[in-house]
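Subject: Two-chain model, handover and notes

Hello,

Please find the structure below, followed by notes on what was found in it. The terms are given with their cut-offs as they come up.

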Amino acid sequence: MASHVGLVPPTPAPYKDNEPKAAEKIDYLNLPCPIPYEEIHREALMSLKPELFEGMRFDFTKGLNQKFSLSHSVFMGPMEVPSQATETIKIPTAHYEFGANFLDPKLMLFGRILTDGRLNARMKCDLTDNLSLKANAQLTNEPHMSHGMVNFDYKGKDFRTQFQLGNGALFGASYIQSVTPHLSLGSEVFWAGQHRKSGIGLAARYNNDKMVATGQVASTGMVALSYVQKVSEKVSLASDFMYNYMSRDVTASFGYDYILRQCRLRGKIDSNGCTAAFLEERLNMGLNFILSAEIDHWKKDYKFGFGLTVGE
Amino acid sequence: MASQSRKGGKNRSGEEGVLARVTSTITQSSIVQRGKVVASDAAFVTKKLLKSTGKAAWIAGTTFLILVVPLIIEMDREQQMNELEMQQASLLGTPSVAPQK
């Protein structure tokens, strides 16, 4: 395969004739680096699971420096409280969240604190070119509800591995490898000491210019398949199928994602009788207006929210 | 009519008159009974059908409102903006930018 590249003649016209032939021969020594294992469903998640919310949301981000920025955020609306009864209980809450971000090519720090005492912190540090360290922590006032996790990622030429440590004796490792320029396969194992559970999972991702198909199986009983087709530059359609063979739970959903110049509109419909839409509209430079709607026909639960995002 | 009343008056043995006899025969005939049962069934089914059509129409209507109406509005705005741009490009004499698909 390396010798074939050497046979290409230097004149431009014959080079063009040989180029499609060179594209067909796969150079197995030069495969692209795959997507990280936890982001394998990335396109489907972006299209099918927008951040739906209920109530009013206001976010303000102010950059003090090229690397440092502060953010203020207000949220007022009903929050769902999990209850044993089939009816969901909604309690109106309001909170203010203050956050600070520090962005460097090698180091990224991210912190948020809410008025009800919850602290959220994330860190990503590139120790060397290939090794990076990620950590995140969520601290709360309630005892035994705080948790933290540390990840070590190693990026090879055409593979990625990750090792994960969490509190409560949580260990995890994952490995993903590019097998052809379009296909990558990966697997993961985890062990949760607190719940005495362990599991193994496998995933595959087929990538094309126009479509992405992924499949994932885990020993916790979850089978997830997804397919995203990019119909044009502005439009993409996504579908997702999730099956839990332990609890016999099946969910299928279809959605669209329109990225136009002034707005981004995502809509989805579910097999649980749930339809949702999420619209982000750019009113002005740095000013975004957000509308979110979710209708659950089965449980007769209707959620509508609006918000404003100011800042880059 | 006089003959009928005379006929009716003639039957004094406790039997009903001819008119009453005829109507009772008609109403107690099996065809009429069947007809009544069928009509009540049809009314029941129609009521259920209307209700379920109403429910289906409501679900379809609200789903259309959430999924399709914002899309139509946004696509319309995009088209208007494109037209405005092409118009401006042709007015100002600048070489028109290839329309973004």
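The model is predicted, so local features need pLDDT of at least 70 and side-chain atom pairs count only at pLDDT 80 or more, while totals for chains, interfaces and linings use all residues. Residues are numbered from 1 along each chain as its sequence is written, chains are lettered from A and ligands numbered from 1 in the order in which they are written, and side-chain values use heavy atoms, with hydrogens and water left out.

With a relative accessible area of 40%, A:Ile113 is partly exposed. A:Ile113 sits in strand β4 of chain A, residues 107-114; helices (H or I, at least four residues) and strands (E, at least two) are DSSP runs numbered from the N terminus. Setting aside neighbours within four places in sequence, A:Ile113 is in contact (heavy atoms within 4.5 Å) with A:Tyr96, A:Glu97, A:Phe98, A:Arg118 and A:Leu119. Of these, A:Arg118 forms a salt bridge with A:Asp116, 3.5 Å from N to O; the term means a side-chain nitrogen of Lys or Arg within 4 Å of a carboxyl oxygen of Asp or Glu. A:Arg118 is partly exposed at 35%, and A:Asp116 is partly exposed at 40%.

Chain B and its contact with chain A

Chain B has 4 helices and 0 strands, and buried residues make up 8% of its 101 residues. The contact takes 16 residues from chain B and 21 residues from chain A. About 1,700 Å² is buried between the two chains, 59% of it from carbon and sulfur atoms; buried area is the accessible area (1.4 Å probe) that two parts lose on being put together, summed over both.

Across this interface the rule finds 4 salt bridges. One of them joins B:Glu78 and A:Lys234 at 2.7 Å, N to O. This pair runs from helix α4 of chain B to the loop between β13 (222-230) and β14 (235-244) of chain A, and both residues are buried. A:Glu281 and B:Arg77 form another salt bridge, with the closest N and O atoms 2.1 Å apart. A:Glu281 lies in strand β17 of chain A and B:Arg77 in helix α4 of chain B, so this pair also joins two chains. A:Glu281 is buried at 8%, whereas B:Arg77 is partly exposed at 37%.

Helix α4 of chain B

The buried residues of α4(B) are B:Leu71, B:Glu74, B:Glu78 and B:Ala89. They pack against β15 (249-259), β16 (263-270) and β17 (274-284) of chain A, together with α3 of chain B. The 24 residues of α4(B) should span 34 Å, and the end C-alpha atoms are 35 Å apart, which agrees; the expected span is 1.5 Å times one less than the number of residues. After α4(B) comes B:Gly93, with a positive phi near 80 degrees.

A:Arg205

A:Arg205 is in strand β11 of chain A, residues 197-207, and counts as buried at 3% relative accessibility. A polar atom of its side chain lies 3.1 Å from the backbone oxygen of A:Ile40.

Regards

Conventions. Buried means under 20% relative accessible area, exposed over 50%, partly exposed in between (1.4 Å probe, protein chains only). A polar contact is a pair of N or O atoms within 3.5 Å; within protein, one must be able to donate a hydrogen and the other to accept it, and residues adjacent in sequence count only if both atoms are side-chain atoms.
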